[in-house]
Amino acid sequence: MLRKIIHIDMDAFFASIEQRDDPSLRGKPVAVGGNTDRGVVAAASYEARKYGVHSAMPSRIAARKCPGLIFVKSRFDVYRAVSATIMDIFRDYTDLVEPLSIDEAFLDVTTNKMGMPSATLIARDIKRRIFETTGLTASAGVSINKFMAKIASEQDKPDGLFVIKPEEVLDFIGNLPVEEFYGVGPSTTRKMHDLQLFTGQDIRNADLSMLTRNFGKAGIFFHQIANGIDDRPVVPHRERKSVGIEKTFLKDIDTTDEMLTELGDLEEGLWKRIKKHNVFGKTITLKVKYNDFEQITRSLTFLSPLKNQKELHAVVRDLLKIANPRKPVRLLGISISNFEEKERPKEVQLTINFD
């Protein structure tokens, strides 16, 4: 039996909430985030996006691209509360809700609590309820699997509803440019173009061994997607895979002492999160972003989870030595992952990974 999958994506979520709550911002270019030289845009309204402003863009570049851009401070407590309301609406229709982030989710409505026969009708009803309850718009994509539903939700934004029917899947994905494949970034796009792969049809016709040789396991996934195959289930409860913390500095730092001081503060914050979530992992990762935005990560993995902040401190110091930053640093971050339920005695270093 073919599945009925919906992908719901809120439209410019943070910025739309700010425009909703402050009528003077409506119809104007808005960026959520700091407007300092070191600030980064967390979200942009559609009025700002017309000028090329987008999330993760440095604020100074955003301001240059969009004269008159209005910066507002983020209010994550408000965003989380609105998100919880929206997720509750989703669960009125199905328990198979897989949040991807605070503002988007997959829903499997093959069978649903409302007994509604049409996924399209369900998506339309969800959009209506979201607007009536929160005053915000959402875009929805409907299709037979997660990949196609995600692609569909991008086709008619904002406030759109796009359906890719079962009989339309192969033609639609066959004509889709590879750069519009969900998850395919600029570097993979360039590599595909170098291999004369420009559309889903090109990938469908490509030799599978060539795809795996050039893209590894992702090559198999690309080939399956190009043939309309995506058997991934909608998973309602995703296990936490990592806990992390990072900081962007108001001024670049370039000495080891400065970095160790900042990392000490980050260790304190990370350890609080580790204890809050009760997750103790075996892999510690250090993230370094230089002032030219080049980014590196270095990690150490152990046989058993770290159990106290003193051990975390020692590992982070080792990782900084391994990373050996040689340029001014604008951001540092540390995270813990590779969680294990059962602890094993004595920690033994296994690997050093260079990503």
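This report covers salt bridges, a helix pair, nonpolar cores and some backbone details of a predicted model.

## Basis

Residue numbers start at 1 along each chain as its sequence is written, and side-chain values use heavy atoms, with hydrogens and water left out. Because the model is predicted, local features need pLDDT of at least 70 and side-chain atom pairs count only at pLDDT 80 or more, while totals for chains, interfaces and linings use all residues.

## Salt bridges

The structure holds 17 salt bridges. The term means a side-chain nitrogen of Lys or Arg within 4 Å of a carboxyl oxygen of Asp or Glu. Side chains of opposite charge can pair when their charged atoms come close.

One of these bridges joins Arg75 to Glu18, with the closest N and O atoms 3.0 Å apart. Arg75 sits in the loop between strand 4 (70-72) and helix 4 (76-91), and Glu18 in helix 1 (residues 13-21), so the pair ties together parts that are 57 residues apart in sequence. Helices (H or I, at least four residues) and strands (E, at least two) are DSSP runs, numbered from the N terminus. Glu18 is buried at 7% relative accessibility. Arg75 is partly exposed at 28%. Buried means under 20% relative accessible area, exposed over 50%, and partly exposed in between (1.4 Å probe, protein chains only).

Helix 5 (residues 119-134) holds both Arg128 and Asp125, three residues apart, about one turn of the helix. Their side chains meet in a salt bridge at 2.7 Å, N to O. Arg128 also forms a salt bridge with Glu132, the closest N and O atoms being 2.9 Å apart. Glu132 and Arg128 are four residues apart in helix 5, again about one helical turn. Arg128 is partly exposed at 38% relative accessibility, and Glu132 is exposed at 57%. Elsewhere, salt bridges that share partners join Glu18, Arg20, Asp21 and Arg75 into one network.

## Helix 1 against helix 4

The axes of helix 1 and helix 4 come within 11 Å and cross at roughly 100°. Helix 1 is therefore roughly perpendicular to helix 4. Axes are lines fitted to C-alpha atoms, for helices over the stretch in contact, and angles run from 0 to 180 degrees between N-to-C directions. Angles of 65 to 115 degrees count as roughly perpendicular.

From helix 1, Phe13, Phe14, Ile17, Glu18, Arg20 and Asp21 take part in the contact. From helix 4, they meet Phe76, Val78, Tyr79, Val82, Ser83 and Ile86. Contact means heavy atoms within 4.5 Å. By class, eight of the residues are nonpolar, one is polar and three are charged. Here Ala, Val, Leu, Ile, Met, Phe, Trp, Tyr, Cys and Pro count as nonpolar, Asp, Glu, Lys and Arg as charged, and the others, Gly among them, as polar.

## Nonpolar cores

The largest nonpolar core has 33 residues. Such a core is a set of buried Ala, Val, Leu, Ile, Met, Phe, Trp, Tyr and Cys residues joined through side-chain atoms within 4.5 Å. Those with the most contacts inside it are Ile6, Ile8, Phe13, Phe90, Leu107, Ile126 and Ile130. Two or more residues each come from strand 1 (5-10), helix 1, strand 2 (30-33), helix 4, strand 6 (104-108), helix 5 and strand 7 (138-143). Helix 4 gives the most, with six residues.

## Arg273

Arg273 belongs to helix 12 (residues 256-277). The residue is partly exposed, with a relative accessible area of 38%. Leaving aside neighbours within four places in sequence, Arg273 is in contact with Val243, Gly244 and Ile245. Arg273 and Ile245 are 28 residues apart along the chain, and their C-alpha atoms are separated by 8.8 Å.

## Backbone details

A cis peptide bond joins Lys157 and Pro158, with omega about -5°. Pro158 is in the loop between helix 6 (146-153) and strand 8 (161-163).

Ala56 is not a glycine, yet has a positive phi of about 75°. Ala56 lies in the loop between helix 2 (46-49) and helix 3 (59-65) and is exposed, at 59% relative accessible area. Asn338 also has a positive phi, near 60°. Asn338 is found in strand 12 (residues 329-339) and is partly exposed at 35% relative accessibility.

Conventions
Angles under 35 degrees count as roughly parallel, over 145 as roughly antiparallel, 65 to 115 as roughly perpendicular and the rest as oblique.
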